[in-house]
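Open the model in your viewer and keep the selection tool ready. We will go from stop to stop.

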Amino acid sequence: MTPSPQRLFIGGEWTEPADGHYEVVNPATEETVGLAPEASRAQVYEAAAAARDAFATWSRTRPEERAAILDRAAGLMQRDFTANAALAQAESGATTGTARGMQVAVGAARFRRYAKGALEPVEEAIPPQINEAGPMGRAGIFGALAVRQPVGVVTCITSYNNPWANPAGKIAPALAMGNTVVVKPAPQDPLSVYRMAEALAEAGVPAGVVNVVSGSAPGVGEAAVDSPDVDMVSFTGSTSVGQRIAEVCGRSMKRQLMELGGKGAAVVLDDADLDSAVAGIGTTFSFYSGQICTAPTRVLVQRAVHDALVEKLTAYAGYLPVGDPTAKGTVVGPVISAAHRDRVESYVELGRKEGARVVTGGERPDPTGRGFYVAPTLLADCTNDMRVVREEIFGPVVVVVPFDDEEEGVALANDSDYGLIDYVWSGDVARAFRVARGLRAGGVGVNTIGRNMEAPFGGFKQSGVGRDVGSYALHAYSELQAIVWPG
């Protein structure tokens, strides 16, 4: 049975794509999940124009109205939870637990969060200032307000590793602040984002406030960035693509929110609980097959516990069942595509040539079967100048580099182009916090890979520009206006 072709969502209408459709492939089975629409450049511009037209009205709606729509949309996403999770799993290759708990559930929760966020105060009083008489006028006391205003039309370009949580984390706060959006989902798994658009339309979002355009070619994303109707671009993806987007944005001073690559350093000190460290680092092997920018992929371990940690990580990887993500008990599913599997495998081979020792993994699981699988792989005997240590692999590959003292560990962690999230494991909390403060990263986990979902999220260096999550996302999708008056 041929899947029904998906249509674009432009100006509140389901629209036939000008350039036909392309196949969305299940990474686990290599079967066709559905047919995604190929938008033309003109259609992307049409979507941005629709968002521009809708902005004047939507930006003036009462916060309570925006909150109600976002809350209803969350309820509709939850109503269709089972079907949504099945689709997300089919097009992304996520395990059942990830598709349900980390994709769809988190996506709906973010709409709930920003339904409340729409009601957060947008005005902040600034203490009065006494001004002496002078060229600027008479003496007086001047009051002031800092007021958050919506930016305008926001292009949201989302990543393939979470087709629910990532788009929701952009769309929901942008709408809560009164912006309108053009969403360009990742080409590998765009169908889930269209389901999100269906829920928003059913929830009563006005025509043009949300638009979704997709395509397998770079031209669709390029048009969504360079459209003159777009005021801001929110992008999650690779640093190289983010740099090209930033160049285009710079020409017309478009605002940017960039969540880019990562090569998270896990600094394991000699007094660490090694089982806790292994459980955290091991998520690189298991959570969405390492396709996550926050993963602790670069393990820096103090020499006294190096061998013990490598031994424990090797055992941990060996306990992880690799296979069909829909099967009960599977922990490691496929990576997103054949091309990405080949890329990850090429890095493992590069590591061998650079002198790294493949402790476990390094071979394709069941090479005669179907699906884009990569075995959890651990590379030891690494040095900080190796490409496998310096570059983002974005797969279930962990590299280990030893160090002698705390100062060297911090220096190695900071000797990176990236700085998204780093980690510290130590039995001495004061020592761990001291190391954390020395790390040049947007976030640091101390004895945990867990996150506080109200804390700011974003990167130093080439890991990004700006911060979102929690109320910080509302700030990211707004402009500050100062209003001053004489007292």
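Buried means under 20% relative accessible area, exposed means over 50%, and partly exposed lies in between (1.4 Å probe, protein chains only). Strands (E, at least two residues) and helices (H or I, at least four) are DSSP runs, numbered from the N terminus. This is a predicted model: local features need pLDDT of at least 70, side-chain atom pairs count only at pLDDT 80 or more, and totals for chains, interfaces and linings use all residues. Residues are numbered from 1 along each chain as its sequence is written, and side-chain values use heavy atoms, with hydrogens and water left out.

Select residues 180–184, strand 8. Five of its five residues are buried. Which residues point one way from strand 8? Thr-180, Val-182 and Lys-184 do, while Val-181 and Val-183 point the other way. In a regular strand the side chains alternate between the two faces of the sheet.

Two strands pair if DSSP finds at least two bridges between them. Find Val-154: Val-181 stands opposite, in strand 8.

Seven strands form an open sheet in the order 14-15-16-13-12-17-18, with mixed pairing. Its edge strands are strand 14 (357–360) and strand 18 (443–446), each pairing on one side only.

Last, select strand 13 (298–302) and strand 16 (397–403). Five bridges join them, and they run parallel. Gln-302 has Phe-403 as its bridge partner in strand 16.
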